[in-house]
Amino acid sequence: FRRTLEDAEVPVFVDFYADWCGPCKAMAPHVDELAAEFQGRALVAKLDTDAAQAISQGLGIKGIPTSIVFVGGKEVARHVGATQVLGLRQLLESSL
């Protein structure tokens, strides 16, 4: 995970979620839309906080869904809570 963040030549948007999380499920189509819209300009990824607890804890994920944008391996933007595609787009565009 860390290597992906550090080696990416474009911003990396990560959606931290869990399968049991209702707001996460509601936001999933918006994350998919964001991935299609920013193809080639950003990497959009999802990380299951239950399956990757050490990573989630290391990043201080306290609530889900949480969206974080990384540039050069460093966090540059974060949003906690469900949001529509417009909010996700603004979060990602702030790092381009």
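Visitor: Is Phe70 buried or exposed?
Guide: This is a predicted model, where local features need pLDDT of at least 70, side-chain atom pairs count only at pLDDT 80 or more, and totals for chains, interfaces and linings use all residues. Residues are numbered from 1 along each chain as its sequence is written, and side-chain values use heavy atoms, leaving out hydrogens and water. Buried means under 20% relative accessible area, exposed over 50% and partly exposed in between (1.4 Å probe, protein chains only). Phe70 has a relative accessible area of 1%, so Phe70 is buried.

Visitor: What kind of pair do the rings of Phe1 and Phe70 make?
Guide: Rings of Phe, Tyr and Trp (its six-membered ring) pair if their centres lie within 6.5 Å; planes under 30 degrees apart count as stacked, over 60 as edge-to-face and the rest as tilted. Here the centres are 6.3 Å apart and the planes stand at 90 degrees, so Phe1 and Phe70 are edge-to-face.

Visitor: How many residues apart are Phe1 and Phe70?
Guide: Phe1 sits in the segment before α1, while Phe70 belongs to strand β3 (residues 66-71). Helices (H or I, at least four residues) and strands (E, at least two) are DSSP runs, numbered from the N terminus. The pair links distant parts of the chain, 69 residues apart.

Visitor: Which residues form one aromatic cluster?
Guide: A search of the whole structure gives two aromatic pairs. In one of them, the ring centres of Phe1 and Phe16 are 6.4 Å apart with planes at 70 degrees, so that pair is edge-to-face. The cluster is made of Phe1, Phe16 and Phe70.
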